[in-house]
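Here is a short report on one protein chain. Look at the fold first, then at the details.

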Amino acid sequence: MRKKIALALSMIMMVLLLGACGKDPTTVDYNGKSYEDLKSEMDITVQRTEYLIELLAQNGIDSVSSLSDYEKESLIQQGVSETQIEASQKWEEMQEEFGKVKKIDEDTFKVTKSGKTLTTDMTIAFAKKDVNFEVVYDYYSMDITGISVDPIYSLGEKMQKAGLNTVISMSVVFAVLILISLLISCFNIFPYLEKKKAEKKAAAVPQTVPEAVTEVPEAPVTPAPAVQTDDTELIAVIAAAIAADTGTSTSDFVVRSINRR
């Protein structure tokens with residue numbers, strides 16, 4: 001049962017989507033505005049964009065981009081929106097790059113709705129290139145929220161631009177890699193410079209030669225003369241002690257020498 005309900009809802013959604021896609025945009029009501037109303041507003045917006053540039057030129061202002069903040073505020077007080085000023089500035093840039101306007105192709109006007117945004121587009125042919133003029137609305141209030149003027153590039157120009165961007169990006173990458181490799185190779189120079197610096201410092205320090213030491217021969221040591229002492233009294237005492245101990249007379253023995261210890 002659930003599968004059948006889900007299938008039925010899916011089919012209903014598909015029918016609604018197909019019906020919306022196949023609906024003629026010229027007959028759709030865009031929140032109170034018709035297709036023709038939006039087209040007329042696009043024409044008025046284009047005219048106002050050109051008129052603002054002419055008005056500034058008549059007042060001695062060379063370009064919209066040269067307007068001061070005070071002058072922009074004065075225009076806003078006179079009823080010119082800020083988005084209109086930005087659109088005029090962009091239009092002026094397109095004229096400087098691609099020449100004057102040749103044709104406003106109203107047959108290219110289209111309306112696109114996406115969520116809360118409604119967009120109207122129209123192609124304007126400048127002397128050198130076609131330009132897409134776009135007006136963006138808030139769908140709920142239908143107030144203009146943005147105006148853009150952008151050149152229309154062909155597929156070949158887009159491919160050429162993409163190829164140029166690729167070449168530039170790759171060139172930048174290779175340049176950075178080469179720079180990194182050079183920096184890494186520079187690290188090998190530092191030890192060499194340190195070695196040279198050490199060698200230079202060592203060469204600047206004078207080498208001290210040790211002085212020859214002349215050995216002075218030592219003077220021969222003269223033994224101190226023996227102190228001549230008088231041993232006569234000592235001999236007499238010793239002889240008397242021996243005679244008393246042995247019971248003999250001192251005349252019975254002779255003391256030849258005395259060894260001191």
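## The sheet

Four strands make an open sheet, ordered β1-β2-β3-β4, and their pairing is antiparallel. At the edges stand β1 and β4, each of which pairs on one side only. Direction ignored, neighbouring strands of this sheet are turned by 15° against each other on average. The model is a predicted one.

Strand β1 covers residues 101-114 and strand β2 covers residues 117-126. Nine bridges join β1 and β2 in the antiparallel sense. I104 has I124 in β2 as its bridge partner. K103 stands opposite A125, also in β2. In a regular strand, side chains alternate between the two faces of the sheet.

## Overall layout

The protein chain holds seven helices and four strands. From the N terminus on, the order of elements is α-α-α-α-β-β-β-β-α-α-α. The chain has 261 residues, and 21% of them count as buried.

## The largest pocket

How much space lies in the largest pocket? The value is about 320 Å³. Its lining comprises 16 residues. R48, G79, V80, S81 and Q84 lie nearest the centre of the pocket. α2 gives the most, with seven residues.

By residue class, the lining of the largest pocket divides into eight nonpolar, six polar and two charged residues.

## Helix α6

Helix α6 runs over residues 189-204, a stretch of 16 residues. Does α6 lie buried or in the open? None of its 16 residues is buried, so α6 lies largely in the open.

At 1.5 Å a residue, α6 should span 22 Å. The C-alpha atoms at its ends are 23 Å apart, which agrees.

## The loop between α1 and α2

P25 belongs to the loop between α1 (2-21) and α2. P25 is partly exposed, because its relative accessible area of 36% falls between the limits of 20% and 50%. The C-alpha atom of P25 is 8.3 Å from that of K110. Along the chain, P25 and K110 are 85 residues apart.

N31 is found in the loop between α1 and α2 as well. N31 has a relative accessibility of 35% and counts as partly exposed. Its phi is near 55°, a positive value in a residue other than glycine. Most residues other than glycine have a negative phi.

Where does M142 lie? Its place is the loop between β3 (130-138) and β4. The phi of M142 is near 60°, again positive in a residue other than glycine.

Is M142 buried or exposed? M142 is buried, because its relative accessible area of 7% is under the 20% limit. N31, the other residue described here with a positive phi near a stated value, is partly exposed.

How values were computed. Residues numbered from 1 in each chain as written. Predicted model: local features only at pLDDT ≥ 70, side-chain atom pairs only at ≥ 80, totals over all residues. Heavy atoms only, no water. 1 Å grid on protein atoms, 1.4 Å probe; cavity = no way out; pocket = protein on both sides within 12 Å on 5 of 7 lines; lining within 4 Å. Points joined across faces, edges and corners; volume = space filled by probe spheres on them. Helix = DSSP H or I, 4+ residues; strand = E, 2+ residues; numbered from the N terminus. Nonpolar A, V, L, I, M, F, W, Y, C, P; charged D, E, K, R; others polar. Pairing = 2+ DSSP bridges. Expected span 1.5 Å × (residues − 1). Buried < 20%, exposed > 50% of the residue type's maximum accessible area, 1.4 Å probe, protein only. Axes fitted to C-alpha atoms, helices over the stretch in contact; angles between N-to-C directions.
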